[in-house]
Amino acid sequence: MSTPPSHLLIVPDLGQLSRRSLLKGLLVGGATMGALAACAPSSSSPTASGSAGVGADTGAEIDLVTIALPGSLSSLDVNTEAGIFNYYVAAIAQEGLLQVEPDGTLTPALAKEWKRVDASTYVFTLRTDAKFADGTPVTVDDVLYSIEKARDPKASPGTSWAWAGVDTVTQTGADEITIALSAPNVAFEWNPTAAGALFVTSKAFFEKVGTLGTAQSLILGSGPYKATAFQPDSYAEFERVDTWWGGVPKVKKVRFEFISDENARLLARRSGDVDLAFSVPIGQLDQWKSVAGTRIETASDRSWAGILFDVTVAPFDDQHVRTAIALACNRKDIVDGVLAGNGEVALGLPAPAVLATAVPESDARTLLGTIPQYDFDLDAAKAELAKSSVPGGFTVEWTYPNSGPQLGRAAQVIAADLAKIGITVNVVEQPLEQWLASIGDGVHGLSYMWYFPTTGDPGELVGYLLGEGNPGKFTDDTVAAKLTAANAETDPATRVAAIIAANAAAAQKVAQVPLWWGVSSTAVDKSLGLTDYGSFFFVGPWGSRLYAAA
Amino acid sequence: MRLAASIGRRLVATATLLLALSFLVFSLLYLAPGDVARNLLGARPASPESLASIREKFGLDQPFLTQYWHWLSGALTGDLGESVRSGSQVTDVLGQRVGLTLQLTVLAFVIALGVGVPAGIRAARRHGSVQDKTIVSLAVVGVAAPGFAVGLVLLYVFAVMLGWFPVYGTGDTPLDRLWHLALPAVALAAGLAALVVKVTRTAVLRELESDYVTFARARGLTPRAVARLYLTNAAIPVLTSAGLLLAFLFGGTILVETTFSLPGLGSLLAESITFKDIPVVQAVTLVVAVVISLAALAVDLLTLAVDPRVRRAGLT
């Protein structure tokens with residue numbers, strides 16, 4: 001079985017958030033801790049959008065929306081740098097063949113229609129009215145060229161992995177492109193989107209500028225906005241265009257300010273300089289809410305945080321050890337306490353919001369309920385450890401990325417419980433890059449996995465963490481068979497059932513310990529409305545979904 | 001002639017230093033944990049083929065010395081390579097950043113000297129007074145407080161509470177730029193000014209206690225003439241320390257630029273190190289090293305101009 005090519009995993013901000021923890025807690029540290037202790041767990045469903053109480057669309061135009069980006073971009077070209085915020089920024093200017101609606105539905109973008117001939121063959125018919133922001137028409141040649149570029153790992157380290165399972169891309173009609181895969185993969189449709197791995201640009205433009213996404217070259221796409229200025233690690237500016245097939249957006253200009261430091265971002269909001277801020281840190285939520293005229297929109301960010309075992313590293317090759325650790329994780333306390341309710345206890349790998357792109361969310365939750373759970377029970381954990389190869393316990397290092405302080409706090413909570421059954425865990429913070437390199441390095445048997453998908457393919461995380469070449473080196477025939485079946489299954493409900501079955505089989509052997517599914521909070525000025533805000537809002541043409549609220 | 005030879009020797013020494021530095025930085029980054037190909041791909045399911053092809057593109061599959069030689073031979077011909085992180089030419093990346101950092105450091109330097117030197121002289125003249133003690137205490141605070149902490153406090157007070165200065169950004173026109181750089185420059189200058197105060201105060205005090213000052217006063221020279229005498233002499237240690245202080249300033253830009261979200265060399269260096277973007281880190285460290293070396297040379301030439309004893313001994 002080959003690794004499904006549609007696995008989209010974007011760790012937020014590769015190297016961009018790494019400075020964020022630098023000043024963490026300095027000015028507002030005390031308040032942060034207070035907020036954590038005082039904030040009651042949220043009872044609302046994390047997947048629901050929190051846009052209640054926003055005024056109606058006044059129909060007015062908005063001159064400028066300034067957005068605080070928690071990190072910085074060094075390139076506007078997602079093919080080059082593919083952090084989650086690169087996606088958010090590029091999504092207002094560039095398109096793929098299909099696009100993702102805020103609720104995770106796939107709809108036409110540059111392709112006016114598409115057909116899945118079978119699980120390995122996809123036919124896209126391009127719309128003929130699409131134009132680039134410079135007024136030139138989007139041709140089949142441009143699309144083929146953009147795909148060719150995205151497939152080349154040297155030109156596109158950020159996106160080429162998604163095209164690894166593609167056999168051929170050919171023009172099969174005047175406005176028709178056929179993509180043939182080397183192995184069946186029904187989730188392929190997520191890839192030719194600007195939330196996945198296709199950012200169509202003009203061939204002529206690319207040949208003129210050479211390197212895309214720099215301060216000099218910018219990017220050219222067919223979306224509702226065009227890039228007008230970019231200073232790496234400082235700001236990027238976009239202006240609306242009248243060439244987009246979907247109409248003219250209400251906001252004339254969108255400016256992204258890259259403010260890595262979380263305290264500086266909060267100060268910028270207090271001084272009224274920013275209208276919208278992505279990914280407000282959990283510890284700062286109360287402070288953001290207290291800024292006059294600010295509302296917080298929350299939605300599942302579909303992220304998964306959990307413990308990843310390398311099953312080839314002793315003593316984690318022993319299932320009793322893995323089970324003991326799973327039983328010692330007080331997931332509810334972590335979600336209620338460390339996350340202050342901004343998350344949901346993860347029952348398995350795919351988040352309900354991701355499964356909801358294929359089946360109704362209630363069905364998804366029922367299915368997730370069939371996965372074996374290891375509820376917090378220290379006595380059972382101790383008994384399980386007694387049966388293992390290391391009954392007296394052991395010492396292990398557990399690293400977490402500095403861009404996720406909540407991961408560190410959760411690890412401390414778990415380490416304190418593990419200490420009670422004889423396992424000593426040294427929790428170590430590392431720069432994001434160093435942490436990345438430690439996953440599946442054959443040395444760390446116990447790691448964190450923190451995974452942010454941009455697409456809504458229900459099989460994505462399962463394929464990555466349980467499929468061939470998975471970082472935990474976990475192998476199981478039942479799991480492999482279910483995953484192969486899922487990749488070729490065209491009926492969404494049957495496919496989701498196969499994915500959950502694979503997940504359940506792996507959970508039986510404690511391949512991972514799911515901890516929580518994440519929720520992300522966006523701070524928005526009350527005068528700004530977001531149409532249909534949801535989990536996938538910022539990976540579609542969201543610039544056209546902003547409006548002036550009464 | 002002797003001076004030209006001295007300068008020539010200094011330049012050769014500087015070039016050797018740069019070479020050694022470039023090798024050291026390259027080695028450290030090579031040994032640092034992390035993998036460039038992984039950083040570029042993120043925690044995605046990467047096929048061994050795509051990892052191999054990225055490693056090949058950046059020459060990471062070559063032996064260490066070959067990699068270094070490849071970089072060095074390029075750098076000697078003026079080709080600093082391509083940034084791994086952004087795909088842009090390193091010279092372009094530097095070009096976009098160097099101006100801002102230069103403006104920031106020069107502004108901070110001017111502020112630090114403008115405040116530090118007069119305060120140091122004043123403290124020395126009023127040695128032991130309340131004024132002296134106040135200045136010295138403030139200087140201790142200034143040295144002890146990290147630039148980014150001062151920066152956050154300044155941001156909170158002057159940008160948020162009073163709204164006099166912007167919270168982030170660089171400004172468009174020169175005047176706007178000055179307005180944007182004012183707070184970061186003050187934050188950067190705080191520690192430096194404190195050092196300047198201490199150096200100046202010590203230097204002036206030592207001169208004030210010298211026999212020639214007592215003698216000059218006894219001869220009935222005007223206070224202004226006496227001051228000219230001892231201030232000229234006290235200027236030598238202040239000047240010679242200025243080179244070191246410049247290095248201190250560049251170190252400070254890393255934190256201050258991060259706090260104020262300024263896209264300068266400091267923030268570039270911080271991000272490039274964690275990403276293991278070797279071509280950029282090499283270029284930034286070398287640029288900074290060149291600036292510091294040249295500043296040190298300029299300081300020595302200045303000392304030469306001020307101090308006749310050094311002038312006779314020649315430049316070392």
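Modeller: Accessible areas here come from the Shrake-Rupley method with a 1.4 Å probe. Keep in mind that this is a predicted model.

Biologist: Fine. What does the accessible surface of chain B come to, then?

Modeller: About 14900 Å². Carbon and sulfur atoms hold 70% of that surface.

Biologist: And what share of the chain B residues is buried?

Modeller: Of the 316 residues in chain B, 48% are buried.

Biologist: What about secondary structure? How many helices and strands in chain B?

Modeller: Chain B has 13 helices and zero strands.

Biologist: What box do the C-alpha atoms of chain B fill?

Modeller: Roughly 85 × 60 × 35 Å, along the principal axes.

Biologist: Contacts next. Take those in chain B with a separation of 6 or more. What percentage comes from residues 24 or more positions apart?

Modeller: That share is 73%.

Biologist: Now helix packing. At what angle do α1(B) and α12(B) pack?

Modeller: About 155°, with the axes 10 Å apart. Helix α1 covers residues 2-31 of chain B, and helix α12 covers residues 278-306. Angles over 145 degrees count as roughly antiparallel, so α1(B) is roughly antiparallel to α12(B).

Biologist: Which hand is the crossing of α1(B) and α12(B), left or right?

Modeller: The crossing is right-handed.

Biologist: And how do the residues of that contact divide?

Modeller: Into 18 nonpolar, five polar and two charged for α1(B) with α12(B).

Biologist: Switch to α7(B) and α10(B). Where do their axes stand?

Modeller: They come within 8 Å and cross at roughly 25°. Here α7 is residues 147-161 of chain B, and α10 is residues 223-259. Angles under 35 degrees count as roughly parallel, so α7(B) runs roughly parallel to α10(B). The crossing of this pair is right-handed.

Biologist: Which residues meet there?

Modeller: From α7(B), G147(B), F148(B), G151(B), L152(B) and L155(B). They meet L255(B), V256(B) and T259(B) in α10(B). The contact splits into five nonpolar, three polar and no charged residues.

Biologist: One more. Where is T200(B) found?

Modeller: In helix α8 of chain B, residues 174-208.

Biologist: Is T200(B) buried or exposed?

Modeller: Buried. The cut-off is under 20% relative accessible area, and T200(B) has 2% relative accessibility, so it counts as buried.

Biologist: What is T200(B) in contact with, beyond its neighbours within four places in sequence?

Modeller: G116(B), V117(B), G120(B), I121(B) and V238(B).

Terms used. Residues numbered from 1 in each chain as written. Chains lettered and ligands numbered in written order. Predicted model: local features only at pLDDT ≥ 70, side-chain atom pairs only at ≥ 80, totals over all residues. Heavy atoms only, no water. Axes fitted to C-alpha atoms, helices over the stretch in contact; angles between N-to-C directions. Helix = DSSP H or I, 4+ residues; strand = E, 2+ residues; numbered from the N terminus. Parallel < 35°, antiparallel > 145°, perpendicular 65-115°, else oblique. Left-handed = near helix turned anticlockwise from the far one by under 90°. Nonpolar A, V, L, I, M, F, W, Y, C, P; charged D, E, K, R; others polar. Buried < 20%, exposed > 50% of the residue type's maximum accessible area, 1.4 Å probe, protein only. Contact = heavy atoms within 4.5 Å.
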